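Thanks for making the time this morning.

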Amino acid sequence: MQWDRSSLVVNGKRVYIFSGEFHYPRLPVPELWLDIFQKMRASGFNAASIYFFWSYHEAKQGNLDFKSGAKDIQRLFDYAKQAGIWIICRPGPYINAETSAGGLAFWASTGAHGVPRTADENYHQAWLPYITQVGKIIAANQITKGGPVILVQHENEYLESNYNSNDTKVLHMKQLIAAYDAAGVVVPSTHNEIGMRGMSWSTDYNNVGGAVNIYGLDSYPNGFNCALPDSGFKVVRTYYDWFQKASPTQPSYIPEFQGGAMDNWGGASYENCAIMTGTKFVDVFYKSLVMQKVSLLSLYMAYGGTNWGQSAAPVVYSSYDYGAPLSESRQVRDKMRETKLLTLFLRVSDDIKNTIFMGAGNNFTTSNPELYYNRLVNPVNNANFYYFTQNQTNLSSSLSFPIRVETSIGTITTTGSLDGRQGKFMVTDYNFGTQTLAYSTAEILTYSIVDGHEVLVMYLNQGQSANFVLKGFTGTVTFTGNGATAKALNVGNKHTLVTYTQNSGQTVASFSNGVKIILADTLTAWNFWAPALTSSPDVSADKQIIVTGPYLVRSAAINGKTLSLTGDTNVTTPLEVFAPANISMLNWNGANVYFTRTSYNSIKATVGGPAGISLPNLATLNWHSLNALPESDPDYDDSAWTVANHQTTMNPVKPETLPVLYPGDYGFHVGTKLYRGYFSNSGAPSAIYLKVGGGIATGLSVWVNGIFVGSWKGDTTTQVANMTFQFEKVVLKQHNVMTIIHDYNGHDQSAVKTWGPRNPRGIINASLIGAGKPSFSLWKLNGNAGGEAGVDAIRHPFNEGGLNSERIGK
Ligand code: GAL
């Protein structure tokens with residue numbers, strides 16, 4: 001693997017990386033990982049970026065688990081390889097990710113293991129075994145060994161604020177480099193800059209040590225407020241200049257580009273986030289990155305999934321759908337289908353992978369303050385790629401503008417058009433197979449080569465007009481279908497000009513030299529797929545086949561005269577395949593399907609149908625119920641519980657009353673926690689004052705002698721809650737017991753004041769109120785069964801908690 005300022009070069013070939021983020025603990029059923037990878041691959045992605053969660057793999061210090069259930073990351077690599085997806089590994093040790101403690105092992109978040117995210121030797125010793133072990137598994141799956149791994153990220157959004165070789169951050173990055181080297185990782189190291197806030201860890205910028213091979217910049221231009229999904233929409237046009245400063249000798253890499261948004265407690269819902277980052281956002285923003293020479297791009301998230309069990313940080317609730325291209329229920333959203341228009345273009349357009357940035361601005365053809373353009377030129381064959389948007393990208397009005405460009409067949413003068421919030425590519429001297437488009441004002445989706453002839457797909461919004469010239473072609477053109485009103489003109493007996501207006505649907509232009517150009521409107525184009533005939537993530541035009549119709553086409557294979565396709569349908573669906581002429585058998589999901597040939601020699605069939613699922617009537621089921629909190633009963637037997645007797649803690653927040661009531665200090669990190677505090681009636685206790693650290697949206701309830709005395713219901717801002725509950729309804733005796741149940745919404749991420757992941761979870765102050773200074777005589781606590789060690793390797797630690805039924809009575 002090599003790289004230069006334009007792209008990665010894998011096995012001697014330039015590739016653009018189009019990746020999306022996926023977190024396996026957010027879909028903890030390994031068999032379903034293949035589904036995600038296949039959907040990404042079918043949508044033209046060639047890579048997935050993966051955070052590995054230290055918290056998930058090392059619940060108890062020293063008990064590293066990369067085997068049980070969804071912790072089996074070897075299966076992850078195997079499925080990726082099977083699907084034809086490269087992997088970008090991001091193992092942390094700190095990852096953020098809206099996951100509890102930002103991914104740090106929970107035991108390393110108590111304060112007992114040094115200062116996280118520094119070179120502190122205690123912290124170093126804490127993470128080193130995990131990084132060593134995950135590093136070895138990654139090393140065994142590198143592309144150099146035939147595996148899918150192409151890049152490994154060090155730390156996460158780690159701002160290099162002090163360019164000093166003795167700075168603790170520099171030393172920490174060096175520790176990471178040493179650990180990955182020792183584990184045998186040889187693929188390029190990367191990092192993700194946090195917004196445009198610094199230029200961190202680039203060998204090209206003020207390198208005082210700790211720099212990685214390929215610098216990256218994260219960007220979320222529409223932010224995270226999904227309440228007004230139509231606001232914002234301002235394209236950032238300074239990425240090219242930024243990378244010129246930060247990493248001019250390296251390919252421009254965006255490790256996280258907005259693929260959706262997280263939604264906070266009380267937020268506007270993920271469907272709104274999906275609208276905010278919807279099809280138009282994809283069209284305008286993602287294309288603009290490519291035209292600023294970004295050649296490694298990963299969407300955060302491709303599939304968000306679910307914050308199962310105890311995996312979330314307090315900022316988010318249980319869904320991590322993210323409004324991502326693949327929804328939480330693994331449906332392909334329209335924005336994914338729009339993304340496919342770009343990914344499939346990039347994968348076969350080799351000329352764009354080696355280009356020079358030729359400028360951008362308003363002065364295209366003539367000075368036009370309403371228009372913005374970018375231009376890239378291939379220095380070898382002079383292929384040009386133009387990109388147009390409205391200067392003010394959030395406008396909804398349309399715009400037409402004059403085009404005057406130089407091509408190998410002379411000066412072209414025509415007119416371009418943009419709808420509101422549209423981004424449009426235009427090419428000149430675009431090579432596909434053995435053919436060349438002298439220019440096209442319609443956008444190119446992709447092309448394949450069938451029986452030695454090119455099949456190219458173009459798209460336009462319905463109602464838009466465009467034209468293109470097939471260079472050197474002077475034969476006849478036949479148009480079939482109602483998708484476009486088109487005509488072909490012979491140009492000077494040398495070339496053929498096609499002018500057309502796009503209707504709804506598709507028209508196939510068959511050129512008498514065997515070339516076919518399909519003219520589809522954007523919505524019809526969303527239904528085009530190009531399943532690969534190779535398992536390599538890098539798919540060339542002769543290794544893909546164009547299929548239209550179904551909701552999803554996962555794979556294609558040609559064996560002799562049989563074409564086998566797999567995919568999903570949501571209704572009975574017409575299927576069309578631009579397949580080789582010798583195909584005599586069509587197989588859809590394992591069954592042979594009757595087909596016909598069209599006049600232009602494609603295959604047509606009908607597949608799918610209603611799924612026929614019926615749900616039981618829930619009302620007629622026999623329901624049972626169980627007391628979920630027997631621990632509130634004063635006679636409950638807590639003899640097996642942990643006695644809270646610590647008088648000191650390493651946590652930076654010192655408790656205001658003793659003993660220490662931070663369950664993490666006693667080895668209970670995840671899920672609901674239970675406390676039982678014993679007190680006598682001396683001192684006339686009449687109320688309890690509690691100060692509790694739980695992070696936002698945390699909740700707590702209190703019983704005395706089995707009588708409920710009060711709850712903290714939680715809200716979207718309070719991280720440390722203060723509360724006083726009166727004992728009015730309780731008849732106090734000589735011996736009393738208070739039961740407290742406290743939920744757990746996770747540990748904070750490092751940006752949360754003051755101590756990030758070390759902000760304590762648990763009771764900071766428990767004071768009985770009464771005239772004669774009443775006090776507790778004994779505290780006991782409990783959490784998930786087995787504590788750090790757990791009792792069930794598959795569920796542990798994210799899917800366990802301290803409720804009675806979860807503890808199986810312990
Ligand atoms: C980034 C961070 C990710 C995630 C994202 C927001 O800054 O690197 O881990 O937290 O923000 O979803």
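Predicted model: local features only at pLDDT ≥ 70, side-chain atom pairs only at ≥ 80, totals over all residues.

**Strand pairings, backbone and ligand**

Residues are numbered from 1 along each chain as its sequence is written, and side-chain values use heavy atoms, with hydrogens and water left out.

The pairing I opened with joins β39 to β42 (residues 720-726), antiparallel, over seven bridges. Strand β39 (residues 685-693) also runs antiparallel to β44 (residues 762-770), with eight bridges joining the two, and in that pairing Lys691 faces Asn765 of β44. Two strands are called paired here if DSSP finds at least two bridges between them, and the elements themselves are DSSP runs numbered from the N terminus, helices being H or I of at least four residues and strands E of at least two.

Two hairpins deserve a look. In one of them, β40 (residues 700-704) pairs with β41 (residues 707-712) in the antiparallel sense over five bridges, with Val704 opposite Ile707. Two residues separate these strands, and Asn705 in the turn has a positive phi of about 50°.

Where in the backbone do we find cis peptide bonds? One runs from Tyr300 to Met301, with omega near 0°, and Met301 lies in strand β10 (residues 294-303). Another runs from His796 to Pro797, with omega near -5°, and Pro797 belongs to the segment after β45 (776-782). I would also point out Arg330, a residue other than glycine whose phi is positive, near 70°; Arg330 is in the loop between β10 and α9 (334-348).

Now to the ligand. It is surrounded by 16 residues, the closest being Asn96, Ala97, Glu98, Glu157 and Tyr322, where a residue counts as near if one of its heavy atoms lies within 4 Å. This shell divides into nine nonpolar, three polar and four charged residues; Ala, Val, Leu, Ile, Met, Phe, Trp, Tyr, Cys and Pro count as nonpolar, Asp, Glu, Lys and Arg as charged, and the others, Gly among them, as polar.

A polar backbone atom of Ile95 is 3.2 Å from a ligand oxygen, the term polar contact meaning a pair of N or O atoms within 3.5 Å. On its own the ligand has 310 Å² of accessible area, of which the protein covers 93%, these areas coming from the Shrake-Rupley method with a 1.4 Å probe.

Methods: Polar contact = N/O pair within 3.5 Å; in protein donor to acceptor, adjacent residues only side chain to side chain.
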